[in-house]
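Trainee: I would like to go through the cavities, the pockets and the core of this model. Where do we begin?

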Amino acid sequence: MPVNAARSTTRRTGTLIEDQQGELTDKALEIHRRLCRQYECPIPYFHSLDPLSELVSSLLSHRTRNGESGRAFKALRARWPDWQSVAEADVSEIETAIRGVTWPELKAPRIQAVLQAVAARYGALTLDFLAQMSVDAARTWLEAIPGIGPKTSAAVLSFSTLRMPALPVDSHHHRVAQRTGLIGAKVDVGPSHPILRAQLPEDWSAQALYDNHEVLMLHGQQVCHHRAPACSRCVLLDLCPTGQARPPRAAQRAAASLP
Ligand code: SF4
């Protein structure tokens, strides 16, 4: 292919990608606007934990109902006076204290290892110093510790008293993003974090990003169910290729089966 033709093709391809990204950004903002109206943004923060406590809470919550992970967190707090004591405790005692969560036998040693890694890397058992870092630097610092992934690092920054502008993506949030076409069908939860964050304005506040996460999560829990999404009563139906592809009777049956 002649050089000029190749350059022109590259330019056209670049423009096409930019157009597609622009469309996704517009869609992400429209989804945010509609869901914020439905779930009444701003959403109150559900935690006011220091970042180290939020880290433990987040590790407990993986694939576990909120009630159970909350009970396990309180059990750790009641049994030991501080996180240093948890880091030094007999791991079987931690496992017993958190037995209501999913995979306590894996989470107990992981929590202990993560606490020990924080102390070893920073020289003290605290994460308060993350407040002095940029979001990207703080997330990189956290994710260098085995057992901390993108969801946990974003949760620590967003949900804790740090109140930093980071976007966590949980399984409900991820499902809605996938079904509405914000991310591809094969994009897993971890890799979806930077993609979904890039679709929202760079200068959004911590509250705005928190709201985005919360409203997509709430929509996944209350409407866009895992097995039977209630598409016929979904405010995103006209934006959603998955909802539009569903046979109307299936969508009606799903809606009728809801309480
Ligand atoms: S239209 Fe259906 S699949 Fe799409 S977001 Fe709404 S409930 Fe989910």
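Trainee: Start with the largest cavity. How do the residues of its lining divide into nonpolar, polar and charged?

Mentor: Keep in mind that this is a predicted model. The largest cavity is lined by 15 residues. By class, the lining of the largest cavity has 10 nonpolar, four polar and one charged.

Trainee: Which residues lie nearest the centre of the largest cavity?

Mentor: The largest cavity has a volume of about 120 Å³. Helix 9 (171-179) and helix 12 (241-245) each supply at least two residues of its lining. Nearest the centre of this cavity lie C224, P229, C231, C234 and C240.

Trainee: Where does the ligand sit?

Mentor: Look at what surrounds the ligand: R179, T180, C224, P229, C231, C234, L237, C240 and G243. C224, P229, C231, C234 and C240 also lie nearest the centre of the largest cavity. The ligand sits in the largest cavity.

Trainee: How many residues of the shell around the ligand are nonpolar, polar and charged?

Mentor: The shell includes R179, T180 and G243. Arg counts as charged, and Gly is among those that count as polar. Cys, Pro and Leu count as nonpolar. The shell has one charged, two polar and six nonpolar residues.

Trainee: How many cavities of 30 Å³ or more does a search of the whole structure find?

Mentor: The largest cavity is about 120 Å³. The second largest cavity has a volume of about 50 Å³. For cavities of 30 Å³ or more, the search of the whole structure finds two.

Trainee: Which helices each supply at least two residues of the lining of the second largest cavity?

Mentor: The residues that line this cavity are A28, I31, H173, L182, L196, Q199, L200, N212 and L216. They divide into six nonpolar, three polar and no charged. The helices that each supply at least two are helix 1 (3-39) and helix 11 (206-222).

Trainee: On to the open spaces. Which residues are the closest to the centre of the largest pocket?

Mentor: The largest pocket has a volume of about 1,300 Å³. Among the elements that give two or more residues to its lining are helix 2, helix 3 and helix 10 (189-198). Of the 40 residues that line this pocket, the closest to its centre are S61, H62, R63, T64 and K151.

Trainee: Which helix gives the most to the lining of the second largest pocket?

Mentor: About 280 Å³ of space lies in this pocket. Its lining has 14 residues, with V135, D136, R139, P194 and R197 nearest the centre. By class, the lining divides into seven nonpolar, two polar and five charged. With five residues, the helix that gives the most is helix 7.

Conventions: Residues numbered from 1 in each chain as written. Predicted model: local features only at pLDDT ≥ 70, side-chain atom pairs only at ≥ 80, totals over all residues. Heavy atoms only, no water. Near = heavy atom within 4 Å. 1 Å grid on protein atoms, 1.4 Å probe; cavity = no way out; pocket = protein on both sides within 12 Å on 5 of 7 lines; lining within 4 Å. Sits in = over half its atoms within 2 Å of the grid points. Points joined across faces, edges and corners; volume = space filled by probe spheres on them. Helix = DSSP H or I, 4+ residues; strand = E, 2+ residues; numbered from the N terminus.
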